[in-house]
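Hi everyone, thanks for making time for this. Let me put it on the screen.

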Amino acid sequence: RGLVASAYKRVAEVLFRRAALDSGSEEWRERSHLALETSADWYRLAFNKNLASAWAGVQDLARDVVLHGRLTEPWRWDAVLQAIEAREQDGDLWATGLLPEMGLLATIARMPRDHDAARRGVEALVKLGHERGDEFPLASTIRQLRRYTKWWTAENGFFPGETDLAAEAAELIETMSPLSAHPEQPENMPR
């Protein structure tokens, strides 16, 4: 379910980028938006079927906030935090690495923003990258955050009734990029 959701998210991104190429962009943007909505449905289903899946939970929250400008079911916030905490206790650095995006979403979700948790998340991504000997953990998170600055913006029809998270995401990226050996690499990497 999570992989299907991720595939629809990628299709949505391709359609969004296609819209920038020529006339008829409104049709491409509409198709992109529909694909992102389908992605959101699949992420929600993935998390519903496995409330321990911290990754699916964060993806579900992100799509909810991006598409609706709010959490449609606020209880999910606590469920995702519980999933992250449980995975952290098992030493799962990937789960800890989800905390920067949770911190970003906290603003619109009207939840307290935990800067220490976001910092721990960045440190976990760096540590995971060092343990693996690759940049993917940090790079993929930077790529995800770039979606908030280039695609998921109010100007592009997201965050209805709210200010988008572009400025906050840019700050996070600025903090994280120097820690990556290849800060531009995330732009071309799938997540």
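**Starting from Ile84**

Let's begin with Ile84, which sits in helix α4. Please keep in mind that this is a predicted model.

Is Ile84 buried or exposed? Its relative accessibility is 0%, and because buried means under 20%, Ile84 counts as buried. Leaving aside residues up to four places away in sequence, Ile84 touches Ala54, Val58, Ala95, Leu98, Leu99 and Met102. Trp28 is another matter: Ile84 and Trp28 are 56 residues apart in sequence, and their C-alpha atoms lie 36 Å apart in space.

Now for the helix around it. α4 has 15 residues, and at 1.5 Å a residue these should span 21 Å; the end C-alpha atoms are 22 Å apart, which agrees. Which residues of α4 are buried? They are Arg76, Trp77, Ala79, Val80, Ala83 and Ile84. Looking down the axis of α4, you find these buried residues within an arc of 165°, so they line one face of the helix.

After α4 comes Gly91, with a positive phi, near 85°.

Let's move on to α6, residues 99-109. Here 10 of the 11 residues are buried, so α6 is largely enclosed by the rest of the structure. Among them are Leu99 and Met102, two residues we met as contacts of Ile84. The buried residues of α6 also include Pro100, Glu101 and Gly103. Their cover includes α3 (54-68), α4 (75-89), α5 (93-96), α7 (115-132), α8 (136-150) and α9 (166-176). Following α6 is Arg110, whose phi is positive, near 60°.

That list brings us to our last stop, α9. Its buried residues include Ala166, Ala169, Leu172, Ile173 and Met176. Seen down the axis of α9, the buried residues fall within an arc of 125°, so they line one face of this helix. On the other side of α9, Ala167, Glu171, Glu174 and Thr175 are exposed. And what does the buried face of α9 pack against? Its buried residues pack against α6, α7 and α8.

Notes: Residues numbered from 1 in each chain as written. Predicted model: local features only at pLDDT ≥ 70, side-chain atom pairs only at ≥ 80, totals over all residues. Heavy atoms only, no water. Buried < 20%, exposed > 50% of the residue type's maximum accessible area, 1.4 Å probe, protein only. Helix = DSSP H or I, 4+ residues; strand = E, 2+ residues; numbered from the N terminus. Contact = heavy atoms within 4.5 Å. Expected span 1.5 Å × (residues − 1). Arc of directions from axis to C-beta.
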